[in-house]
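Try each task before you read its solution.

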Amino acid sequence: MSSITIAKVISRTAMNGRATVTVVDGNGVLLGSVAVTGTFTVNGASPTNATATSTSKGVATLTSPAYSTATGQTVQFCVTSLVRTGYVFDNTGPTCASFVS
């Protein structure tokens with residue numbers, strides 16, 4: 001895994017966290033068809049699981065459930081697994097990202 005970013009997505013009545021995970025192989029080549037699984041946590045509440053598959057550009061986008069638009073909420077996303085047949089992934093890169101709304 002090369003990077004994780006997280007941003008808020010705002011609608012009129014709620015917000016969501018959107019995590020973008022970039023997956024690369026050991027040579028730094030972008031890697032598609034990787035099942036990326038992780039958890040979103042809002043204000044330390046019970047985590048919610050999310051899963052997406054990386055595109056041919058190595059990017060997986062995961063979205064949290066909606067939460068209140070109140071300010072000061074901490075939203076965190078942590079990668080818990082990366083799976084693709086024929087590959088073994090290590091967690092030497094960043095595994096979590098967060099923001100405060």
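**Exercise 1. Write the order of elements along the chain, then count them.**

Step 1. Read along the sequence, the pattern of the protein chain is β-β-β-β-β-β-β. Step 2. The count is 7 strands and 0 helices. Here helices (H or I, at least four residues) and strands (E, at least two) are DSSP runs, numbered from the N terminus.

A note on the source: this is a predicted model, where local features need pLDDT of at least 70, side-chain atom pairs count only at pLDDT 80 or more, and totals for chains, interfaces and linings use all residues. Residues are numbered from 1 along each chain as its sequence is written, and side-chain values use heavy atoms, with hydrogens and water left out.

**Exercise 2. Find the strand order in the open sheet of 4 strands.**

Step 1. The order is β4-β3-β6-β7, with antiparallel pairing. Two strands pair if DSSP finds at least two bridges between them. Step 2. The edges are β4 (48-53) and β7 (96-100), and each pairs on one side only. Step 3. Look at one pair: β3 (residues 35-42) runs antiparallel to β4, joined by 6 bridges. Ala35 stands opposite Thr53 in β4.

**Exercise 3. Compare the radius of gyration with that of a compact globule.**

Step 1. The radius is taken over C-alpha atoms, and the globule rule is 2.2 Å times the number of residues to the power 0.38. Step 2. For 101 residues, the rule gives a value near 13 Å; the protein chain has 14 Å, so the two agree. Step 3.
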